[in-house]
Amino acid sequence: MLTISNDIVEERIMSRNPNNWINKSREDIDVACKELIETQNRLRIQSSKSMVPTIEINTDNKEWDK
């Protein structure tokens, strides 16, 4: 499971499609960040219940070759 840290959620979410965020309000940005964090947390919970082996890879540093 690829994840990002809570403290860089805004930076990463806005870097994906910068033009989509130009006219968004602070509230819209905060909601999107909160939703991403909540989704990651739900996925962590579900993966812990799964019999399928799962690893979590933090992608904060964008070290794609690792």
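User: What percentage of the 66 residues in the protein chain do buried residues make up?

Analyst: This is a predicted model, in which local features need pLDDT of at least 70 and side-chain atom pairs count only at pLDDT 80 or more, while totals for chains, interfaces and linings use all residues. Residues are numbered from 1 along each chain as its sequence is written, and side-chain values use heavy atoms, with hydrogens and water left out. Buried means under 20% relative accessible area, exposed over 50%, and partly exposed in between, with a 1.4 Å probe and protein chains only. By that criterion, the buried share of the 66 residues in the protein chain is 20%.

User: Which pattern does the protein chain follow when read along the sequence?

Analyst: Helices (H or I, at least four residues) and strands (E, at least two) are DSSP runs, numbered from the N terminus. The secondary structure of the protein chain comes to 3 helices and 2 strands, and read along the sequence these give the pattern β-α-α-α-β.

User: Why is the protein chain described as more spread out than a compact globule?

Analyst: The radius of gyration is taken over C-alpha atoms, and the globule rule is 2.2 Å times the number of residues to the power 0.38. For 66 residues that rule gives 11 Å, and the protein chain is more spread out than a compact globule because its radius of gyration is well over this, at 14 Å.

User: How far apart are the end C-alpha atoms of helix H3?

Analyst: The expected span of a helix is 1.5 Å times one less than its number of residues. Helix H3 covers residues 26-49, so its 24 residues should span 34 Å, and this agrees with the distance between its end C-alpha atoms, which is 35 Å.

User: Which elements are included in what covers the buried residues of H3?

Analyst: The buried residues of H3 are Ile29, Ala32, Cys33, Leu36 and Gln40. Contact means heavy atoms within 4.5 Å, and the cover over these residues includes strand S1 (2-3), helix H1 (9-16) and helix H2 (18-21).

User: Leaving aside neighbours within four places in sequence, which residues is Thr59 in contact with?

Analyst: Thr59 lies in the segment after strand S2 (57-58), and with a relative accessible area of 9% it is buried. Once neighbours within four places in sequence are left aside, the contacts of Thr59 are Leu2, Thr3, Ile4, Arg12 and Trp64.

User: What is the phi of Lys62?

Analyst: Lys62 is also found in the segment after S2, where its 40% relative accessibility makes it partly exposed. Although Lys62 is not a glycine, its phi is positive, at about 55 degrees.
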